[in-house]
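Please work through the exercises below with the model open beside the text, trying each task before reading its solution.

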Amino acid sequence: MPKADETKLRLVEAFNQLLAEVPCDQITVSGITERCGLSRQVFYYHFHNLYELVIWSLRQYVSSAIAQSRSSDWSSLLRIMLEGLYERRQLVEKVMDEVDRSVVDRTLKDELGVLAMRMVEEVATPMGIAQADRSLIARFYTAGTVEIVEAWLDDGMRESPERLSRRLEVLLDGGMTGAMIRMQHTASA
């Protein structure tokens, strides 16, 4: 890991420690740097402001949760991501309320898009599905899933991550494979 990322992770860890102790709106750059023994200048070298740290932290969490999962199952990976968002709900709410809601949207689309493409590739490669069709299927499932996750976030994450992931699994189970089979038949017709 590059030294810059190690420093950013130290700052994020200090932020997360403070988040466990005080409300998000009471956390300051000074509090973060004092907690991890770094200077304010180091903070501002890596982040323009506290919001940028929050956004970077959220992106890091989502991408690392997906990358570290041993499962290649779409529904399991989605459940892991939802549980992590739920555990960090104060952070997610801050981003959505105070920073820029589109950041959450872009983060979810980017990370779920990579996940969806990975899932599509596993099934589509042996089937000989054209790349354009693979991309279309991945974009379709990404858009639908992001919309549902954002509605869950807007609702204050009242439904448990486990329940939401089970409900999404009903929609997703076999859906991608079925779409690829139908796409394969459409392409050959």
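The exercises that follow concern helices of a predicted model.

**Exercise 1.** Determine which residues of helix H2 are buried, and on which side of the helix they are.

*Solution.* Begin with the span of H2, residues 29–36, in which the buried residues are Val29, Ile32, Thr33 and Cys36. Next consider their directions around the axis: they cover an arc of only 90 degrees, and they therefore are on the same side of H2. Finally, look just after H2, where Gly37 takes a positive phi of about 70 degrees.

**Exercise 2.** Describe how helix H1 crosses H2, and which residues meet there.

*Solution.* The axes of H1 (residues 3–21) and H2 come within 8 Å and cross at roughly 110 degrees. Because angles of 65 to 115 degrees count as roughly perpendicular, H1 is roughly perpendicular to H2. The crossing in which H1 passes H2 is right-handed. As for the residues, Arg10, Leu11, Ala14, Phe15, Gln17, Leu18 and Glu21 in H1 meet Gly31, Ile32, Thr33, Arg35 and Cys36 in H2. Sorted by class, the residues of this contact of H1 with H2 are 6 nonpolar, 3 polar and 3 charged.

**Exercise 3.** Classify the crossing of helices H7 and H8 by its angle and its hand.

*Solution.* Take the angle to begin with: the axes of H7 (residues 101–127) and H8 (residues 131–154) cross at roughly 140 degrees, coming within 7 Å. Since only angles over 145 degrees count as roughly antiparallel, H7 and H8 are oblique to each other. The hand of the crossing of H7 and H8 is right-handed, and the contact of H7 with H8 has 12 nonpolar, 6 polar and 7 charged residues.

Terms used:
Residues numbered from 1 in each chain as written. Predicted model: local features only at pLDDT ≥ 70, side-chain atom pairs only at ≥ 80, totals over all residues. Heavy atoms only, no water. Buried < 20%, exposed > 50% of the residue type's maximum accessible area, 1.4 Å probe, protein only. Helix = DSSP H or I, 4+ residues; strand = E, 2+ residues; numbered from the N terminus. Arc of directions from axis to C-beta. Axes fitted to C-alpha atoms, helices over the stretch in contact; angles between N-to-C directions. Parallel < 35°, antiparallel > 145°, perpendicular 65-115°, else oblique. Left-handed = near helix turned anticlockwise from the far one by under 90°. Nonpolar A, V, L, I, M, F, W, Y, C, P; charged D, E, K, R; others polar. Contact = heavy atoms within 4.5 Å.
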